[in-house]
Amino acid sequence: MTSGLQLEPAETATTVRVQDGRTLSTDGPFVEMKEALAGYLVFEADDLDAAIELAGRIPAARLGGAVEVRPITEW
Amino acid sequence: MVAILEQAFREQWGRVLAALIGFLGDFDFAEEAAQEAFAIAADRWPRDGVPANAGAWLLATARNRAIDRIRRDRALAAKTQLLDPPQPTELEMDETATIPDERLELVFTCCHPALATEAQVALTLRTLGGLTTPEIARAFLVPEATMAQRLVRAKRKIKAAGIPFRVPPAHLLPDRLAAVLAVVYLIFNAGYSGRGGLAADALRLGRALAELMPDEPEVQGLLALMLLHDARRAARFRGEDLVLLADQDRSLWDADQIAEGRRVLDRALALRGRGSYVIQAAISSLHASEPRDWPQIAALYGELSRLTGSPVVELNRAIAVAEVEGPEAGLAIVDRLQLDDYQYLHSTRADLLRRLDRKGPARDAYRRALALSEDPAERSLLERRLTELG
């Protein structure tokens, strides 16, 4: 095994999209995730606002897709 | 005494809780400590009298309780992951101390866009508004267990996802402020259609925000709007029946509150406010004058319509235009709108058709509105209109 992380439950998720240069965050997971999970990135951020700002810079969020922000369970 | 306690509770809860969350970094822990302090107050104040600075007393008591608990159970600090472990020293009861006001931090946390709107509403009423979970559940007609679960989930998310406890930085402020105002307005609207308690809660929240953000025109605009609408509360119902603005007994309007609403509106306008709440407040202020300046009302609705692109606003513009140019002109606007599932589209159409003496289509429109309406007072008004048509 080379990598593994446990995510917090889906109800802690926030979905980030960028439309016309505005970063929009909404409550809950990205529903289409099941069909189209394109990858994941692990970031360290001070709080959710910082994480949303990072997510907004990911191209997928700007190109009509969405980035789901989910906390990782800390042990 | 019960009344004094209740008043202190309403006035101080939000402020005390906000300061405790800032201090302890944990919603549940802060809420428990606040509850304990209020319980001690309920026990002691009737005997010893209410302290001069009730807020500072409550906060010091709650902090000392929280510190006691940390002392008793050191492991708790690790479990709750306190952001900033407090120094375990007793705080002096300084009755002249001003307590830190962190209610703004609290309201921005509760109305963070990462929380569902219904969770934002529940959390704001619980924390800042000082309502109990059963009270909120009753107000929104959901089972108590559902509301409790909603609050637990929201608090869990704040903690797990790391929603910050702070006033957002300037580049985020406009969007975040809009979310806060939307929550307060939603609470007010839920109260406006009959549940009086919620309107008073929304007004209290609006006043607190206006005091905390005196230079934000939309905050003042929202307060003005709520004051002006609420001033007509006593005239809006005759028994169980809804009374439309034109038929209301003006002696039942609260003249002082209308004057206050207009003062707040003037402040918003002086701050160069031209946002949607300010415009709505200006419209409401014009509605409170006699004779009503319909051309000006129609123009403001036009402005609001450009700003929001909302068909509901267009519907209101149609009503004003009908007053200026006649029902035919109003009907022309109404018939362009795509709002087939909106009861007020049909009740407005019905009224315009009735004034044009087109009885058949008017009857159909009233029936369509009735089919969409669930509110008993509104249904009874529509039924009366339908009967009058014969």
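Modeller: Before we start, helices here are DSSP runs of H or I with at least four residues, numbered from the N terminus. Also, keep in mind that this is a predicted model.

Biologist: How far does H20 of chain B reach from its first C-alpha to its last?

Modeller: H20 has 14 residues, and at 1.5 Å a residue you'd expect 20 Å. The model's helix comes close to that, reaching 20 Å.

Biologist: Are H16(B) and H18(B) roughly parallel or roughly antiparallel?

Modeller: Look at residues 311–325 for H16 and 343–355 for H18, both in chain B. Their axes come within 10 Å and cross at roughly 15 degrees. Angles under 35 degrees count as roughly parallel, so H16(B) and H18(B) are roughly parallel.

Biologist: What classes of residue make up the contact of H16(B) with H18(B)?

Modeller: From H16(B) come B:Leu315, B:Ala318, B:Ile319 and B:Ala322, and they meet B:Tyr344, B:Leu345, B:Thr348 and B:Leu352 in H18(B). Sorted by class, that contact has seven nonpolar, one polar and no charged residues.

Biologist: Where does B:Asp357 lie, and is B:Asp357 buried or exposed?

Modeller: B:Asp357 sits in the loop between H18 and helix H19 (359–372) of chain B. Its phi is positive, near 60 degrees, though this residue is something other than glycine. Within 10 Å there are 8 other C-beta atoms, and 12 or fewer is the cut-off, so B:Asp357 is exposed.

Biologist: And B:Leu141, is that one buried or exposed?

Modeller: You'll find B:Leu141 in the loop between helix H7 (133–139) and helix H8 (144–161) of chain B. Phi is positive here too, about 55 degrees, although B:Leu141 is not a glycine. Because B:Leu141 has 8 C-beta neighbours inside 10 Å, it counts as exposed.

Biologist: What kind of peptide bond joins B:Glu290 and B:Pro291?

Modeller: Most peptide bonds are trans. B:Pro291 lies in the loop between helix H14 (276–287) and helix H15 (294–308) of chain B. Omega between B:Glu290 and B:Pro291 is about 0 degrees, and the bond is cis.

Biologist: Over to chain A: in what order do its elements run?

Modeller: Chain A has two helices and three strands. Going from the N terminus on, the order is β-β-α-α-β.

Biologist: Last one: how many residues of chain B are in contact with chain A, and of which classes?

Modeller: Twelve residues of chain B are in contact with eleven residues of chain A. On the chain B side, the classes are nine nonpolar, one polar and two charged.

How values were computed: Residues numbered from 1 in each chain as written. Chains lettered and ligands numbered in written order. Predicted model: local features only at pLDDT ≥ 70, side-chain atom pairs only at ≥ 80, totals over all residues. Axes fitted to C-alpha atoms, helices over the stretch in contact; angles between N-to-C directions. Parallel < 35°, antiparallel > 145°, perpendicular 65-115°, else oblique. Contact = placed C-beta atoms within 7 Å. Nonpolar A, V, L, I, M, F, W, Y, C, P; charged D, E, K, R; others polar. Expected span 1.5 Å × (residues − 1). Buried ≥ 20, exposed ≤ 12 C-beta atoms within 10 Å, placed from the backbone.
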